[in-house]
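Hello,

Here is the model I promised to pass on. My notes on its helix packing and its core follow below.

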Amino acid sequence: MTVIGKFLSDVEKIKKHDRHNNGGNPDYNRIAQDLRNLFERSTSCPGELPGSIFEYWEKEYIFNSEDLKEEPTSENIAKLAAMLGFLDNSDEDQELISDDDWQELGKLVGYESEDLPIDILQELMMILVSKGAY
C-alpha cells in the first residue's frame, strides 16, 4: 500500500469512528484535529510546511463548503492526499491539484524554505518549477 493509500484508508477510519460515536452524524469540527495530525504524521517532510499546507487546504476546500457537516468529501480528501504526495516527492494524483493550488504551494514552500533540509527543498522546487508554480 502506498503512503497515499494508507492515508486515505486512515481518513476513512477517522470519519467512520466519529460517525459511529455520534449517532451517525458527521461533523468536520470533531475530526479536524485528528485529520491534521494524520496528515502531518503521514509525510516525511519535516517542519511547519505540512501544517501550512493542511491549513491552506482546510481554508480553501473545507471552510468554503456549503455544508461543513458533510466535509470532508471524497473529492476534498483526494486533493489533500495529492498534496501529501507532493510533500513526499510522489506524482501520485498530482492532476487533482489545480493551478491555483500549485501557486499557493509554491508560496508556502517559499515561506518555509529556510527551515527545510536542502535535499527536500530541492525536490519540492523541482516539482513546483515543472508545474510553473515557481
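Contact here means heavy atoms within 4.5 Å, and helices are DSSP runs of H or I with at least four residues, numbered from the N terminus. The model is predicted, with local features needing pLDDT of at least 70, side-chain atom pairs counting only at pLDDT 80 or more, and totals for chains, interfaces and linings using all residues. Residues are numbered from 1 along each chain as its sequence is written, and side-chain values use heavy atoms, leaving out hydrogens and water.

Let me start with H2 and H3. From H2, Tyr-28, Ala-32, Leu-35, Arg-36, Phe-39 and Glu-40 meet a set in H3 that includes Ile-53, Phe-54 and Trp-57. The axes (lines fitted to C-alpha atoms over the stretch in contact, with angles from 0 to 180 degrees between N-to-C directions) come within 9 Å and cross at roughly 145 degrees.

On to H1 (residues 3–21) and H2 (residues 28–42): their axes lie 10 Å apart, at an angle of about 160 degrees. The two are therefore roughly antiparallel (over 145 degrees). Among the H1 residues that meet H2 are Phe-7, Val-11 and Ile-14.

Now the core, meaning buried Ala, Val, Leu, Ile, Met, Phe, Trp, Tyr and Cys residues joined through side-chain atoms within 4.5 Å, where buried is under 20% relative accessible area with a 1.4 Å probe, protein chains only. The largest one has 38 residues, and Leu-49, Ile-53, Trp-57 and Phe-86 have the most contacts inside it. H4 gives the most to this core, with eight residues. Beyond its neighbours within four places in sequence, Trp-57 touches Tyr-28, Ile-62, Pro-72, Asn-76, Ile-77, Lys-79, Leu-80 and Met-83.

Best wishes

Terms used: Parallel < 35°, antiparallel > 145°, perpendicular 65-115°, else oblique. Buried < 20%, exposed > 50% of the residue type's maximum accessible area, 1.4 Å probe, protein only.
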